[in-house]
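Here's a quick briefing to read with the model open beside you. It takes the chains one at a time, then where they meet, then a few spots worth a look.

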Amino acid sequence: MMSSRAKILVDEQAVKARHGAVYKAGKRQTMTMFLLVIALLLGLILGLGSLNIKWETVLSGFGKLGDFMYFMLPPSTGTWTKFGVYAYALAETLAIALLGVLLAALLAFPFGFLAAKNVVPNWLIHFFTRRFLDSVRGVDELIWALIWVGVVGLGPFAGVLALVCANFGAFGKLFSEAIEVADKRPIEGVVSSGGDGAQRIAFGIIPQIFPVIAGQVLYYFESNTRSATIIGIVGAGGIGLHLVEQIRTLEYQHVSAIILMILVLVAAIDYLSTRLRFAIIGNSNMVH
Amino acid sequence: MAVTNSLSNSLPADRLAFLNDVYNSAISAKRRQTLIDLVVLLISVLVAGFVAEVRPVTFFENAFRFFSYFGRIFTLETGASVFSDPREWFWGINKWLVLLWETIVIAYVGTLLGAVFGFILCFLASANLVSNAWIRLSAKRFLELCRTVPDLVFALIFVTSFGLGPLPGVLAIAIHTMGALGKLFSEVVENISMHPVEGVTAAGGSWTQTVRFAVVPQVMSNFLSYTLLRFEINVRGAAVMGFVGAGGIGQDLVEAIRKFYYSDVSALLILIIATVMLIDAVTERVRHIVIGLDEAK
């Protein structure tokens with residue numbers, strides 16, 4: 001039996017003649033795609049060339065990596081005492097993420113209003129608030145961590161402050177966007193029944209943006225749990241410190257055990273926060 | 001907070017009391033729930049505060065250092081403000097621009113490699129294209145592993161096997177990007193219209209032909225848009241790869257911070273922030289063009 005594809009291909013020329021426009025459009029698209037791929041590949045080759053990467057390094061590196069993977073199995077922390085130490089460090093990581101997100105949300109809340117066009121009509125204020133938030137956001141949390149370690153010393157508190165700074169910039173922007181797309185009608189309702197400026201915000205805007213903000217805060221809590229695992233690299237508390245130590249001392253079974261513990265924690269937090277997000281947002285359409 | 005203000009002037013007292021009662025009883029259940037939520041939140045914050053060794057006293061005693069730090073990084077070694085002598089401030093600009101370029105290239109190559117492998121894996125992780133649960137779930141779990149382990153951790157491991165330099169940075173970013181994009185891509189694929197897929201299958205197309213002619217044309221613009229977003233994120237990520245010796249400008253920055261080369265810190269931060277903003281602006285343009293092309297179709 002002939003498949004329908006084969007049947008069509010028998011008189012392909014006739015089909016082409018009848019539906020020329022379809023074939024032509026496809027050809028143009030393929031051409032664009034082809035050029036794009038060539039350009040990207042060229043960039044890749046030039047990029048790799050400019051990074052001075054030697055093939056023998058790559059090959060021997062993958063060999064060594066294979067060895068490390070082999071040594072990583074099975075994951076083990078050696079003793080239960082060590083396991084306890086890592087578990088406490090994980091709790092520290094979680095605490096850093098929670099505080100970092102909550103404090104940042106509290107701090108960013110007023111700035112979200114300052115940066116929103118529909119609350120502050122003065123463009124100078126929201127322009128400078130926005131640029132300020134952009135600059136804060138442009139600095140990575142690891143850099144903030146290094147700075148805060150210098151201020152309050154080594155330990156998880158520096159990590160909390162670093163995450164507060166990093167999240168503050170992001171939240172300020174997200175909150176102001178949520179405020180700007182808020183429905184005008186409830187605000188007008190409050191104004192028309194005699195509400196003043198503060199009441200306009202409290203009863204007209206906040207009830208609308210609260211679910212959005214809560215959703216974003218939870219989402220950031222998830223992603224901060226991941227980033228809080230690495231700020232220990234610069235001495236700002238959490239599991240990262242142990243991870244770096246074990247990698248540097250070539251204790252590969254410990255490394256894989258720690259990574260496994262991080263995976264479990266992140267999966268648990270993801271599950272929990274997804275449930276909470278659905279509980280808060282319900283069925284309203286959220287961006288994230 | 002009940003009915004107050006202008007209304008209280010215009011309503012009779014009994015009517016107002018009635019309205020207040022109705023309002024209060026209507027929201028009392030909600031209030032109770034909010035109270036419980038707040039107590040739970042407060043307890044978790046206190047526990048977290050204890051575990052994370054939050055020390056408000058230390059903070060307030062040393063907070064001035066945080067602000068004076070920003071004063072110091074804008075001061076040259078001579079004591080003058082950096083703005084008085086920009087040439088002295090950006091003394092290493094040639095070296096730094098080379099490193100910035102390296103940072104962008106690391107991000108570019110890492111993003112591209114990650115996107116290519118994420119592209120290949122995303123179809124295997126999509127429920128509407130792969131009915132074999134083993135293949136699908138192992139692809140999904142693999143992507144999850146690559147995405148959950150932070151790129152810096154990959155970089156640390158790769159530095160021990162590939163040595164210092166940009167290569168471990170590129171690989172770390174590529175693997176993390178593959179995990180993140182693979183998941184996003186497969187979500188896009190799971191939401192496509194199945195009509196073209198059925199059409200190609202009915203015409204006798206193989207699995208790869210189905211993907212090529214029925215799926216890819218539907219998802220390409222979304223994929224491009226996500227990849228561009230990821231590129232932005234990766235430029236930021238590549239800027240700190242140097243913290244663990246994986247190439248880019250991070251190496252110089254961490255040295256400047258640790259060795260208290262104050263004016264270098266501010267110069268490097270400004271360069272990084274400016275680069276990030278520039279990349280963000282360019283990719284946003286390109287993203288709008290891509291979305292525009294898709295809508296014009």
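Going along the sequence, chain A reads α-α-α-α-α-α-α-α-α-α-α-α. That comes to twelve helices and zero strands for chain A, and chain B likewise has twelve helices and zero strands. Keep in mind that this is a predicted model.

**Chain A overall**

- The radius of gyration of chain A is 27 Å, whereas a compact globule of 288 residues would come in near 19 Å.
- Taken along the principal axes, the C-alpha atoms of chain A fill a box of roughly 75 × 65 × 45 Å.
- Buried residues make up 39% of the 288 in chain A.
- If you look at chain A contacts between residues at least 6 apart in sequence, 71% of them link residues at least 24 apart.

**Chain B overall**

- Chain B has the pattern α-α-α-α-α-α-α-α-α-α-α-α when read along its sequence.
- The C-alpha trace of chain B spans about 75 × 75 × 45 Å along its principal axes.
- Of the 297 residues in chain B, 36% count as buried.
- For chain B contacts with a separation of 6 or more, 68% come from residues 24 or more positions apart.

**Where the chains meet**

**Helix packing in chain A: H9 and H10**

- Helix H9 (residues 184-192) of chain A packs on helix H10 (residues 197-227) of chain A at an angle of about 155°, and the axes are 9 Å apart.
- Angles over 145 degrees count as roughly antiparallel, and H9(A) and H10(A) are therefore roughly antiparallel to each other.
- Their crossing, H9(A) over H10(A), is right-handed.
- From H9(A), the residues involved are Pro186(A), Ile187(A), Val190(A) and Val191(A), and they meet Gln199(A), Arg200(A), Phe203(A), Gly204(A), Ile205(A) and Gln208(A) in H10(A).
- By class, this H9(A) and H10(A) contact has six nonpolar, three polar and one charged residues.

**Helix packing in chain B: H8 and H10**

- In chain B, helix H8 (residues 166-190) and helix H10 (residues 207-241) pack at about 150°, with their axes 9 Å apart.
- Left-handed or right-handed, then, for the crossing of H8(B) and H10(B)? The crossing of H8(B) and H10(B) is right-handed.
- Residues of H8(B) in this contact include Gly169(B), Ile173(B), Leu181(B) and Phe185(B), and among their partners in H10(B) as a group are Val215(B), Phe223(B), Tyr226(B) and Arg230(B).
- The class count for H8(B) with H10(B) is 13 nonpolar, six polar and one charged residues.

- As background, most residues other than glycine have a negative phi.
- Leu250(A) has a phi near 60°, a positive value in a residue other than glycine.
- You'll find Leu250(A) in the loop between helix H11 (239-248) and helix H12 (252-281) of chain A.
- Is Leu250(A) buried or exposed? Leu250(A) is exposed, because it has 11 other C-beta atoms within 10 Å and the exposed class takes 12 or fewer.
- Over in chain B, Glu53(B) also has a positive phi, near 50°, in a residue other than glycine.
- Glu53(B) sits in the loop between helix H2 (13-51) and helix H3 (56-73) of chain B.
- Glu53(B) counts as partly exposed, because 19 C-beta neighbours lie inside 10 Å, and a buried residue needs 20 or more.

**A look at Thr283(B)**

- Thr283(B) is part of helix H12 (residues 262-296) of chain B.
- With 18 C-beta neighbours inside 10 Å, Thr283(B) counts as partly exposed.
- Setting aside neighbours within four places in sequence, Thr283(B) is in contact with Leu228(B), Phe231(B) and Glu232(B).
- Thr283(B) and Asn132(B) are 151 residues apart in sequence, and their C-alpha atoms are 37 Å apart in space.

Conventions
Residues are numbered from 1 along each chain as its sequence is written. Chains are lettered from A and ligands numbered from 1 in the order in which they are written. This is a predicted model: local features need pLDDT of at least 70, side-chain atom pairs count only at pLDDT 80 or more; totals for chains, interfaces and linings use all residues. Helices (H or I, at least four residues) and strands (E, at least two) are DSSP runs, numbered from the N terminus. Two residues are in contact if their C-beta atoms, placed from the backbone, lie within 7 Å. Axes are lines fitted to C-alpha atoms, for helices over the stretch in contact, and angles run from 0 to 180 degrees between N-to-C directions. Angles under 35 degrees count as roughly parallel, over 145 as roughly antiparallel, 65 to 115 as roughly perpendicular and the rest as oblique. A crossing is left-handed if the near helix is turned anticlockwise from the far one by less than a right angle, and right-handed if clockwise. Ala, Val, Leu, Ile, Met, Phe, Trp, Tyr, Cys and Pro count as nonpolar, Asp, Glu, Lys and Arg as charged, and the others, Gly among them, as polar. The radius of gyration is taken over C-alpha atoms; the globule rule is 2.2 Å times the number of residues to the power 0.38.
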